[in-house]
Amino acid sequence: MTMLIPDIALPRALIRDAAQFRGHVHRDCVTGDLVLRRGRVVGMRSGQAAPGTCRLIFPALTEPHCHLDKCHSVGRLEQRGGDLSAAIQAQHRDKANWSADDIRARALRGLAEANAAGVATLRSHVDWGRDAEPPLAWHVLLELAQAAPLTMQLSPLTGIDQMADPDFAETVARAVPEGHAIGAMVLGHPHMRAGLRSLFAAAARHDLAVDFHVDESLDPAMNGLEAIADLALETGFGGPILCGHAVSLATRPPKDFTRIADKLARAGIAVVALPATNLYLQGRTSHTPAARGLTPLRALSAAGVRVAVGTDNVRDAFCPVGRHDPLRALELAVLSAQLDPPLGRWLCAITTDARAALGMNPGPIDGARLHDLRVAQGHDPAALIGGAPHRPATDLLKELPQ
């Protein structure tokens, strides 16, 4: 059964096979009547509506990097503000309040925000602590993942020095179910290379994706990102690798950037920028921020590196404001990373490319089921990123003649 939904605009960057979408090209979108067959999008035909009257359809959103174990704790923190070190210390002190009920209540609030924002896929990191055995938050969030109204992945956040102990790495890897990821923080640790080698080996044994917090500093001496790329290329690791933050890359000389970006592209490593937290914590001086605390998204993308944008911390010691909304994170990235129009191409960073970075099918518009898509009034991706309301695309069926 074939069905037509009239007056639709689609961002061209989110279409895999453009030849099947024969509407009117208007800026970075194609407009016309959407063709559904057996409930899936199969193409587009030319329509009668003017481009400005069309409704924008796009895939449900992906949140590639957040912290549901920490979120919504800022109101009870004694120490508020400061740099990354101060935030880590303040959040560590707050863990005295982390009962199962407390973690569950805050995480459910975060999940409700993500669900209301149109998120269908989410990855949350979970602080691991000193012991190799899973912490309380891991058990609570795994339980929530099984009942969540969206696809929810988890990744342990350990220290890479801890992973240098093969027994520690193996114990952590055994605690990570299929479909989730194993991860660590990499920030100038003395045993970084041994930890990376051990972590990659454990991930390979258990067929796990890998996720790093890396180089969360403006110090150009921090170069964990290149060490990760070198080891991935050396070992031929075949699983998905996602690197978050990579702030110091912005302070490297151009020749260093070119070398590192080439390795990232060859290794298939994706980089997720986290503008809210990094802008808040990085580059602090007594008067003004000294520099943008953000990885160079435009240059990475131009070098063939898959990039994504994440929310990261929400109302905790690392960022006192925010909500779990990828479009809000992308809007901030447009400003802070100077992402130029046409903006439809950057929607990939919170949809198709973000899903691929998590090791999932990218989920472009063609072939998608209608309930995997969202719809906003107006054809302009810039308006969507700027806050235009959106809703499930299945609502469009109510407008069709019965």
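1. Let's start with Glu63. Leaving out neighbours within four places in sequence, Glu63 is in contact (heavy atoms within 4.5 Å) with Val119, Thr121, Leu122, Arg123, Gly310, Thr311, Asp312 and Pro326. Glu63 sits in strand β6; helices (H or I, at least four residues) and strands (E, at least two) are DSSP runs, numbered from the N terminus.

2. A quick word on what you're looking at. This is a predicted model, where local features need pLDDT of at least 70, side-chain atom pairs count only at pLDDT 80 or more, and totals for chains, interfaces and linings use all residues. Residues are numbered from 1 along each chain as its sequence is written, and side-chain values use heavy atoms, with hydrogens and water left out.

3. Glu63 does have polar partners. A polar contact of 2.4 Å links its side chain to that of Thr311, and a polar atom of the Glu63 side chain lies 3.2 Å from the backbone nitrogen of His65. A polar contact is a pair of N or O atoms within 3.5 Å; within protein, one must be able to donate a hydrogen and the other to accept it, and residues adjacent in sequence count only if both atoms are side-chain atoms.

4. Now Ser73, in the loop between β6 (61-66) and α1 (84-94). Is Ser73 buried or exposed? With 1% relative accessibility, Ser73 counts as buried. Not counting residues up to four places away in sequence, Ser73 touches Gln91, Asp94, Arg106, Arg315 and Asp316.

5. Arg315, one of those partners of Ser73, has a positive phi of about 55° although it is not a glycine. Arg315 lies in the loop between β13 (307-309) and α11 and is partly exposed, at 27% relative accessible area. Arg27 also deserves a look: its phi is positive too, about 60°, and Arg27 is not a glycine. Arg27 is in the loop between β2 (24-26) and β3 (29-37) and is exposed, at 61% relative accessible area.

6. Check the backbone at Pro341 as well: the peptide bond from Pro341 to Pro342 is cis, with omega near 0°. Pro342 belongs to the loop between α11 (326-336) and α12 (352-357). As background, most residues other than glycine have a negative phi, and most peptide bonds are trans.

7. On to the inside. The largest nonpolar core has 113 residues, and those with the most contacts inside it are Leu10, Leu34, Met152, Phe212, Ile228 and Ile241. Such a core is a set of buried Ala, Val, Leu, Ile, Met, Phe, Trp, Tyr and Cys residues joined through side-chain atoms within 4.5 Å. Helix α3 (residues 136-147) supplies the largest share of this core, seven residues.

8. Finally, the whole chain: its secondary structure comes to 13 helices and 15 strands. Of the 402 residues, 57% count as buried.

How values were computed. Buried < 20%, exposed > 50% of the residue type's maximum accessible area, 1.4 Å probe, protein only.
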